[in-house]
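Dear colleague,

Please find below the structure that I am handing over to you. My notes on what was found in it follow directly after.

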Amino acid sequence: TPPAERYEYQAEVSRLMDLIVNSLYSNKEVFLRELISNASDALDKLRFLSVTQPDLLKGAADLDIRIQTDKENGIVTITDTGIGMTQQELVDCLGTIAQSGTAKFLKALKDSKDIGGDSNLIGQFGVGFYSAFLVCDRVVVSTKSPKSDKQYVWEGEANASSYTIREETDPEKLLPRGTRLTLHLKRDDKGFAHPERIQKLVKNYSQFVSFPIYTWQEKGFTKEVEVDEDPAETKKDGQDEQSEKKKKTKTVVEKYWDWELTNETQPIWLRNSKEVTTEEYNEFYKKTFNEYLDPLASSHFTTEGEVEFRSILYVPAIAPMGKDDIVNPKTKNIRLYVKRVFISDDFDGELFPRYLSFVKGVVDSNDLPLNVSREILQESRIVRIMRKRLVRKAFDMILGISMSENKDDYDRFWENFGKHLKLGCIEDRENHKRIAPLLRFLSSQSVDELISLDEYVENMKPEQKDIYYMAADSVTSAKNTPFLERLLEKDLEVLFLVDPIDEVAIQNLKAYKEKNFVDISKEDLDLGDKNEEKDKEIKQEFGQTCDWIKKHLGDKVASVQISNRLSSSPCVLVSGKFGWSANMERLMKAQAA
Ligand code: ADP
Ligand code: MG
């Protein structure tokens, strides 16, 4: 037998293990969810590969997860028939942290100051494989990859800085393929080795795993057994002793152990949407995407005809923590299945434009080939049609939030994802019609509460042709700008564009319901109240003054003109009709700096 080799953990893993073992005390049962989800991932990988390499299924055609408990010794074993790991993969996967959920967790810990025993953090992130050490003294991972003809055993202990790997030599322990985790529970956590407890946790955490999960359960059946009747009793009844001896039957319970299917394996998206409750949709969302808040909205639909697919989409309650995901659209937001086989969640705009990358969900297509690759996805006509439909459904869902009776919902949506929609104005001309009604702005007549463009249009004066806007760095400066004076006097509403991206977004929209957006700081603002006679008079009277001012200011201004747009300020600086607005100039300067 080759001896076990000892390896040191990467420093980050040591830190994570230390934290898990010594400071997280609540919500320990999440270890089971994490380990089952790893088993499920391993099965997904195998199923995917077996489409083109059916040989991989040799030896164990069933793709399942089996959990056995040993109450007396405090041991839980979790066995899957998934992809397994080679010796090198054991080192890479269970001794170092890649870009997995575990890495995200570590980052969040780094960002948050008080972490002591915070169960919320575990709930929010998968802490991955190492969560086994929430409840274990010792973890043994025995695993067989189809890539290797040997089976390897990884062994680690809580509070140790190293682990070992050896070859499996016990013929009784050889697996056809896949991975078996043997969890040696800590003294205080041996309760997890009760079969009923495990069954309950599996039901709770894994109802949406698409592979069967079996738990080892004690069962019983009743049996009728014949017993001889007591002769004394017969006598008492005063019956003839000579009569035939009567037979009596008794019911006994016979006990035995067997595997019991513990989860529901039909994917929720294949069910009839009328039979799925909101709670079930929300649970599915939280478990699939590792979210801890219910989504703001969901939409379950099937499309038929040209392209057939089923999908459930969700709008999250909050934007992802920490970083700005607009610039990083690879959010693993859409899980693509082909005929129920998980294909990928690593997309970059193929199924959703990047500005909608906050929308999460699953998509299951019957029309794509199972061995679909990135290239196929990018060039497929089917995918293009799917994308169009998905985007449309996403907008319907967002529109639904905006029409919800609970106004807070849309406020919340807008606060989290308003920026994304504004980016959509810039990047997705084709969907302007769908985006515009969802936009919200403050205005001269509504400085605290956001209004929609529809509300603006409804509030327009009968003779008003355009939608007026003023871009500024804050509501205060927008309110105090002299450009506003005449419009306020005429009771015309002006949108305040105070978010840097607002102005570009509006300029891309150009118009809403055939009403042009007009910047009130531009030179040729026409409020439709021109009086030619009077203008001529004024021009004559003040023309020379203008020339005089221009002469003194020289190149500092393009021109000096008489204006009728002010009511109390003596003069105002305006932008040229074709030049940048002052706000844009401010932005460009900020970017150049
Ligand atoms: P994550 O699942 O987010 O990648 P984990 O810490 O849960 O992070 O797991 C780390 C890695 O270990 C996985 O990505 C996978 O490669 C490997 N792994 C864990 N459990 C199994 C398993 N049952 N079968 C095969 N590989 C596994
Ligand atoms: Mg995992």
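**Leu270 and its surroundings**

Please bear in mind that this is a predicted model. Leu270 counts as exposed because its C-beta neighbours inside 10 Å number 11, and a residue is exposed at 12 or fewer. Leu270 belongs to the loop between strand S9 (247–261) and helix H8 (278–289). Between the C-alpha atoms of Leu270 and Val13 there are 39 Å, and the two residues are 257 residues apart along the chain.

Strand S9 itself is hardly covered: of its 15 residues, the count of buried ones is zero. Its pairing with strand S8 (residues 213–228) is antiparallel and runs over 15 bridges. Within this pairing, Leu261 in S9 stands opposite Tyr214.

**The six-stranded sheet**

An open sheet is made of six strands in the order S16-S15-S18-S17-S20-S19, and its pairing is mixed. At its edges are strand S16 (446–452) and strand S19 (511–512), each of which pairs on one side only. Inside the sheet order, strand S17 (residues 467–471) pairs with strand S20 (residues 515–519) in the parallel sense, over three bridges. Tyr468 has Val518 in S20 as its bridge partner.

**A helix crossing**

Helix H11 (residues 407–427) and helix H16 (residues 502–509) have axes that come within 8 Å and cross at roughly 45°. H11 is therefore oblique to H16. The contact involves Lys422, Cys425 and Ile426 on the side of H11, and Asp502, Val504, Ala505, Asn508 and Leu509 on the side of H16. The crossing of H11 and H16 is left-handed.

**Two residues with positive phi**

Most residues other than glycine have a negative phi. Asn159, a residue other than glycine, has a positive phi near 65°. Asn159 is placed in the loop between strand S5 (151–157) and strand S6 (162–167). It counts as exposed because it has 10 C-beta neighbours inside 10 Å.

Arg340 is not a glycine either, yet its phi is positive, at about 75°. The loop between strand S12 (334–338) and strand S13 (341–344) holds Arg340. Arg340 is partly exposed, since 15 other C-beta atoms lie within 10 Å.

With kind regards

Conventions: Residues numbered from 1 in each chain as written. Chains lettered and ligands numbered in written order. Predicted model: local features only at pLDDT ≥ 70, side-chain atom pairs only at ≥ 80, totals over all residues. Pairing = 2+ DSSP bridges. Helix = DSSP H or I, 4+ residues; strand = E, 2+ residues; numbered from the N terminus. Buried ≥ 20, exposed ≤ 12 C-beta atoms within 10 Å, placed from the backbone. Axes fitted to C-alpha atoms, helices over the stretch in contact; angles between N-to-C directions. Parallel < 35°, antiparallel > 145°, perpendicular 65-115°, else oblique. Left-handed = near helix turned anticlockwise from the far one by under 90°. Contact = placed C-beta atoms within 7 Å.
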